[in-house]
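Please have the sequence and the coordinates at hand while reading.

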Amino acid sequence: MSGFRIGLTRDFLNDSGQLVYKDIGLNILEEAGLEYLFLDRDEPLVTPDLLENLDGIISLTPQYTCKSLEGLDRLVAIARFGVGYDNVDVNACTKADVALFISKGMVNYSVAEAVVTWMLALSHRILNKDHLVRTGSWTERSGYMGTELRDRTVGIIGAGGIGCTLARLLALFKIKEIIAYDPYIELDKVLDVGVRLVDLECLLRESDFISINCPLTDTTRNLLGIEEFALMKPTAYLINTARGGILNEDALFEALKSRQIAGAAMDVFEKEPVGADHPFSKLDNVILAPHSIAWTDELFRDIGQMNCRQMGSIARGEVPEGLINFEVLKHNNFLKKLARFR
């Protein structure tokens, strides 16, 4: 096990070389006697020279393409720090005999709690009321009445781990009903959390709050556009903590600007990072965050601990949970790599 070398991408460190985050589970690697190091450079696209002397890499934000993995005979695993992996070419990993893992289940609570936070902030018009005080407009407060979550219908697009955790949290708020659109989920997976499965049109028409919690795929890209926003209630709020590209940002901007819908909260964007000149920044009925609304000390601890446990399993020649490209298990070259550590 001592010969297993793990890399972590440089974006875990600040410019001074210090760890940015309070706890990312490195004690698990240390207790297991596993060697780890941080990459020398912070590159948006990982290059082979950064990976050539590693058996595994724990990766925060960089991208991985076919070129990233060219000529790498030693690398056996990439552990994505989170659950999204649209920045990693899965087919390229499989062809290179590299297993891709995600932190399955570790983000569910943090993201769900963040969605509830935004639902409350939007419905109680927190930003508007803060602005009234800061601009000396106290007497205008009657023009900014809020609404409660009580007796509202919440629609969840994507009823996986995050969506079901959100449903459980919302049970405390006297919600009228929770409905979900997810063509891939089995009915018994959502019945125990009190969710009714519906089609997308029904969800858009009936929901007072819509939370997007599905992955970005060819099927979900531009899932919501002009026609879909036209179906929503004028009092409805939209929250996206999943991925940019699931909704059409131009269409959403027009829906918000014209008050076709009441408001939105956006943590993710089609092109990131977003500059100060983004059209959404000009609107007073949208809340924005830099793809970090759910980032907490607890979240990074939990994700990091899972990634480090995954690396520990690989270092013992085992296949841990969270594997994305199961096809790699059929590759003899991958199995030979893995067998080195048994």
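How does H291 count at 26% relative accessibility: buried, partly exposed or exposed? H291 counts as partly exposed at that value, where buried means under 20% relative accessible area, exposed means over 50%, and partly exposed lies in between (1.4 Å probe, protein chains only).

The model is predicted, and local features need pLDDT of at least 70, side-chain atom pairs count only at pLDDT 80 or more, and totals for chains, interfaces and linings use all residues. Residues are numbered from 1 along each chain as its sequence is written, and side-chain values use heavy atoms, with hydrogens and water left out.

Seven strands make up an open sheet with parallel pairing in the order β8-β7-β6-β9-β10-β11-β12; helices (H or I, at least four residues) and strands (E, at least two) are DSSP runs numbered from the N terminus, and two strands pair if DSSP finds at least two bridges between them. Because β8 (195-197) and β12 (286-288) stand at the edges with a single partner strand each, one side of each is left without a neighbour in the sheet. From one strand to the next the twist averages 20 degrees, with axes fitted as lines to C-alpha atoms (for helices over the stretch in contact) and angles running from 0 to 180 degrees between N-to-C directions.

Within this sheet, β6 (residues 153-157) pairs with β9 (residues 209-212) in the parallel sense over four bridges, and I157 has I212 of β9 as its bridge partner. Helix α6 (residues 161-170) packs on the sheet and touches β6, β7 (177-181), β8 and β9, its direction making about 165 degrees with that of β6; contact here means heavy atoms within 4.5 Å. Strand β10 (residues 237-240) is joined to β11 by four bridges in the parallel sense, with L238 having A264 as its bridge partner in β11. From β11 (residues 263-266), G263 and A265 point one way while A264 and M266 point the other way, and all are buried.

A further open sheet consists of five strands with parallel pairing, in the order β2-β1-β3-β4-β5. Its edges are held by β2 (35-38) and β5 (99-101), each with a single partner strand, so one side of each is left without a neighbour in the sheet. Here too the twist averages 20 degrees from one strand to the next. Strand β1 (residues 5-8) pairs with β2 in the parallel sense over four bridges, and L8 stands opposite F38 in β2. Helix α11 lies across β1, β3 (56-59), β4 (77-80) and β5, running at about 165 degrees to β4.

**Backbone features in loops**

The peptide bond from E272 to P273 is cis, with omega near 0 degrees, and P273 is placed in the loop between β11 and β12.
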